[in-house]
Amino acid sequence: MMPGDPSSRAARAALSAGSLAAALVCCRGEALAQPAADPLPEEPAPVAQGPGRAPGLRGGAPLFHLGARDNALRTSRFGWTTSATTSVFGLDGGSYSEDGEYAGMTFSLVPRYSFVSTKEHWAWAGTDIALSVPLSVGDVPGEAPVTLADLPLQAAYTYTIFQDDKGLALLAGPRLGVALPTSPASRYAGVYARTRLGLGVLANVPLLDEAWLNGVFFSAGGVWEHLFSQATTPVNGDPVRPRTSPSGEVLLDDRLSGEFLLRDQLSMRMSFWVNLWGDLSLGNTWGLVARFRDAPLDEGCVQTVLTCVPVASRGSSATTTSTTFEVSLSYPAEDIAWFELGYDNTAPSLGADGQHRSPFYSPDAQLYLSMTLFLDSLYARATTPSARQLTAAR
């Protein structure tokens with residue numbers, strides 16, 4: 001065949017096509033023979049957030065009451081509060097200036113374990129360990145530098161009655177507990193325990209669909225407490241003091257004072273937080289407490305010079321009431337901490353001078369600054385891989 005022959009050109013084209021097909025088959029075989037590459041690690045699902053950060057719920061109050069994250073440590077927290085009576089700042093209210101001043105710090109650890117946490121049902125058990133450190137004890141003698149409060153063992157259940165994506169929510173449920181006498185005031189006064197039974201309601205109402213006035217969060221409830229003690233008055237077996245009875249007989253007595261113990265207490269409280277701008281909230285709390293004190297039960301008489309004056313038997317009665325008025329400004333920091341600056345007046349309705357006191361001011365009124373760390377949020381951040389760790393794993 002001549003080089004220019006058409007049949008020669010066709011033969012060369014067929015040879016080239018065959019060589020190309022063979023090369024493709026070879027390369028394909030090598031590619032199939034290579035082992036499969038390891039798949040990229042999948043990014044874990046984000047940690048589910050509790051109702052405190054559901055759409056429409058803003059501010060720090062939902063984080064405090066409902067939790068920042070939906071995990072086993074939901075609503076667990078660490079708190080620090082510094083407070084002082086208004087007289088420390090020169091706001092003594094004139095006629096109340098003779099009362100003692102007080103300034104101190106309180107540290108609290110509130111561990112809780114949520115053993116049920118679903119969309120509708122939430123149940124937890126926990127305690128509250130609180131230490132008080134007085135910075136100025138005023139005219140209160142013999143107060144310890146650091147005081148451990150009574151240790152409560154608590155359990156609660158909350159049912160979500162209604163909640164939508166816009167933030168409208170209504171929750172309610174009971175709470176019960178028993179407080180062990182770990183404080184000096186209870187341990188050395190013959191106190192065995194205090195039982196508590198309460199009912200609470202939580203609600204959130206969205207307002208404007210803007211950054212300002214975007215919602216209000218409510219918290220309300222009542223608690224009944226009962227005291228179990230060795231006697232109707234504070235007692236301590238050591239030391240035992242000799243006392244003279246109304247008939248003139250000398251008796252050994254372990255009573256620390258003649259004041260009767262508070263046997264029962266009924267507390268009612270309502271709070272709300274209005275979101276002023278974003279998560280900045282203005283809070284307000286109103287409370288009322290009725291205290292039922294023990295009274296003499298044995299009928300008898302008190303011997304006087306001329307005769308024996310009969311003493312009528314009386315049971316427990318509501319002897320005192322106190323009110324609470326509180327206003328605060330608060331802001332949460334990235335679901336980790338909640339800062340509050342506020343004013344609180346919790347005091348008896350009737351003063352020592354027999355005059356009714358205003359619910360807005362008394363010698364016990366305090367200014368406070370508090371910080372709350374949400375342990376459920378910290379736990380979620382510690383156990384969730386960061387973006388850098390995910391990138392390195394790839």
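Strand E4 is mostly covered, with five of its seven residues buried; strands here are DSSP runs of E with at least two residues, helices are runs of H or I with at least four, and both are numbered from the N terminus. Buried stands for under 20% relative accessible area, exposed for over 50%, and partly exposed for what falls in between, using a 1.4 Å probe and protein chains only. The model is a predicted one, so local features need pLDDT of at least 70 and side-chain atom pairs count only at pLDDT 80 or more, while totals for chains, interfaces and linings use all residues. Residues are numbered from 1 along each chain as its sequence is written, and side-chain values use heavy atoms, with hydrogens and water left out.

Two strands count as paired if DSSP finds at least two bridges between them. E3 and E4 run antiparallel and are joined by five bridges. These two strands make a hairpin, with three residues between them. Within this pairing, serine 114 has tryptophan 124 of E4 as its bridge partner. E4 also pairs with E7, again in the antiparallel sense, over seven bridges. There, glycine 126 stands opposite glutamine 154 in E7.

Phenylalanine 115 gives a closer look at E3, the strand spanning residues 112-117. Contact is taken as heavy atoms within 4.5 Å. Setting aside neighbours within four places in sequence, phenylalanine 115 is in contact with Ala123, Trp124 and Ala125. The C-alpha atom of phenylalanine 115 is separated by 9.4 Å from that of asparagine 71, a residue 44 places away along the chain.

Stepping back to the whole chain, there are five helices and 19 strands. Of the 394 residues, 33% are buried. The accessible surface comes to about 23,000 Å², and 64% of this belongs to carbon and sulfur atoms; such areas come from the Shrake-Rupley method with a 1.4 Å probe, and for residues only the protein chains shown count as cover. Among contacts between residues at least 6 apart in sequence, 61% join residues at least 24 apart.

What about the nonpolar cores, meaning sets of buried Ala, Val, Leu, Ile, Met, Phe, Trp, Tyr and Cys residues joined through side-chain atoms within 4.5 Å? The largest has 15 residues, and Leu66 and Phe217 have the most contacts inside it. At least two residues of this core come from each of H2, strand E4 (121-127) and strand E8 (169-180). H2 supplies the largest share, three residues.

Next come the salt bridges, each a side-chain nitrogen of Lys or Arg within 4 Å of a carboxyl oxygen of Asp or Glu. The count by this rule is six. One of them brings together the side chains of arginine 58 and aspartate 279, at 2.9 Å from N to O. This pair links distant parts of the chain, 221 residues apart: arginine 58 sits in the loop between helix H1 (6-33) and helix H2 (61-66), and aspartate 279 in the loop between strand E13 (262-277) and strand E14 (280-293). Arginine 58 is partly exposed at 32% relative accessible area, whereas aspartate 279 is buried at 14%.

Another salt bridge joins aspartate 150 and arginine 194, at 3.1 Å from N to O. Aspartate 150 lies in the loop between strand E6 (147-148) and strand E7 (151-163) and arginine 194 in strand E9 (residues 191-206), so the pair ties together parts 44 residues apart in sequence. Arginine 194 is partly exposed, with a relative accessible area of 23%. In a further salt bridge, the closest N and O atoms of glutamate 326 and arginine 269 are 3.4 Å apart. Glutamate 326 is in strand E17 (residues 317-333) and arginine 269 in strand E13, 57 residues apart. Glutamate 326 counts as buried at 15% relative accessibility, while arginine 269 is partly exposed at 43%.

Glutamate 225 is buried, with a relative accessible area of 16%. Not counting residues up to four places away in sequence, glutamate 225 touches Arg194, Thr195, Arg196, Arg263, Asp264 and Gln265.

Finally, there is helix H4 (residues 375-383), where the buried residues are Asp376, Ser377 and Ala380. They sit on the same side of H4 because they cover an arc of only 100° around the axis, the arc being that of the directions from the helix axis to the C-beta atoms. What covers these buried residues of H4 includes strand E19 (366-374).
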